[in-house]
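Subject: Structure handover

Hello,

Here is the structure I promised to pass on. Please open it first, then read my notes below.

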Amino acid sequence: RFVFEGTDLPIDPTNAVFITMNPGYAGRAELPENLKALFRPCAMVVPDFENIAEINLAGEGFVESKTLANKFVAMYSVCKELLSKQMHYDWGLRAMSGVLRIAGGMKRADPDKSETQILMRAMRDTNLPKFVQADFGIFLALINDLFPKVDCPAIVNPELQAAIKEVITNDDQKYWQTWGKYGTRPGLQPEESFVTKCVNLAEAMSVRHCVFVLGTAGAAKTELWKTLAAAQTFLEIGGGRTQFDALNPKAVTSNELYGYVHPVTKEPYDGIIAKIMRDFSAQTNEQPKWMVLDGDIDAEWIESMNTVMDDNKILTLTT
């Protein structure tokens, strides 16, 4: 028992308070010194990446998991040291797990390929789209050093490439959805680099349910996803039009975006995201449905998306 401001309180031995800190992280503040003094600091232990990678590969069906895990971790360690420092580069455990999961899918889809070829292709094809131009040559040289004489050409989707070029040059408006001033077909040209980025986006979306498109202002980020949507509509993927609902998350408050519970009446109010998800889930067709948050990223709204953007693919919708 202990006395707190004149009140005698019992101590519950089953209760404890833990605070995890990310020093210097955007949107987080340091603990006040008087509060920090009440807690005992404890440093985190660096995980054994190689052991985790080996277990993941074995779980995906790789027989040579031990050898491949060693190469995989060595590659990521060298990339972290040699490649340029970009805000969107991630060489941590979360990024590793994603690539290993993709490699498992490739192994099941193409069992005739050797395991070394599959891992090399997974590492190359998932990382190349996010690199800046200066890092391309360095990364490919590292891949060739780590996997000498291993040739595994990238999977090309000529049908999608042809569709992208067609909708860019076609004057028919039926493939382009109306969204504010972007309702008309943009004056684009089928540049090879732009077509490649559209294909990269389609590949990323085939293995992940949440994808970021990053770039400076004027880098054609919006035109990228709109062009891919138009190309999928042209190909009638899912049996019809690729649907999307786009909004700028910076144009509304967090309560409007995610919903909230009224502090007095305790009545829950849906946010814009819940409304879009409910509208999409009410449809029974197989057409692709995208929720597009087209705007600046900041800790104000993106932090609440962390759980959804992780490996969790089960979204529970309540009506």
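What volume does the second largest pocket have? The answer is about 640 Å³. Keep in mind that this is a predicted model. The lining of that pocket is made by 15 residues, and those closest to its centre are Ile19, Met21, Arg40, Pro41 and Cys42. By type, the lining splits into 10 nonpolar, two polar and three charged residues.

Next, the cavities. How many cavities of 30 Å³ or more does the structure hold? There is one. The volume of the largest cavity is about 30 Å³. Its lining consists of Phe49, Ile52, Ala53, Asn56, Phe72, Leu93, Met96, Ser97 and Leu100. Helices α2 and α4 (93–109) each give at least two residues to that lining. Seven of the lining residues are nonpolar and two are polar, with no charged ones.

Now the helix packing. Two packed helices are described by the angle between their axes and the distance between the axes. There are two pairs to look at.

Start with α2 (residues 49–59) and α3 (residues 65–82). Their axes come within 8 Å and cross at roughly 130°. On the α2 side, the contact is made by Phe49, Glu50, Ala53, Glu54, Leu57 and Ala58. On the α3 side, it is made by Ser65, Lys66, Leu68, Ala69, Asn70, Phe72 and Val73. Together, the residues of this contact are eight nonpolar, two polar and three charged. Phe49 and Ala53 of α2 take part in this contact, and both also line the largest cavity.

Then take α3 with α5 (residues 115–127). Are these two helices roughly parallel or oblique? They pack at an angle of about 25°, and their axes are 11 Å apart. Angles under 35 degrees count as roughly parallel, so α3 is roughly parallel to α5. Again the crossing is right-handed. Leu68, Phe72, Met75 and Tyr76 come from α3. They meet Glu115, Thr116, Leu119, Met123 and Asn127 of α5. This contact has six nonpolar residues, two polar and one charged.

Best wishes

Key. Residues numbered from 1 in each chain as written. Predicted model: local features only at pLDDT ≥ 70, side-chain atom pairs only at ≥ 80, totals over all residues. Heavy atoms only, no water. Axes fitted to C-alpha atoms, helices over the stretch in contact; angles between N-to-C directions. Helix = DSSP H or I, 4+ residues; strand = E, 2+ residues; numbered from the N terminus. Contact = heavy atoms within 4.5 Å. Nonpolar A, V, L, I, M, F, W, Y, C, P; charged D, E, K, R; others polar. 1 Å grid on protein atoms, 1.4 Å probe; cavity = no way out; pocket = protein on both sides within 12 Å on 5 of 7 lines; lining within 4 Å. Points joined across faces, edges and corners; volume = space filled by probe spheres on them. Parallel < 35°, antiparallel > 145°, perpendicular 65-115°, else oblique. Left-handed = near helix turned anticlockwise from the far one by under 90°.
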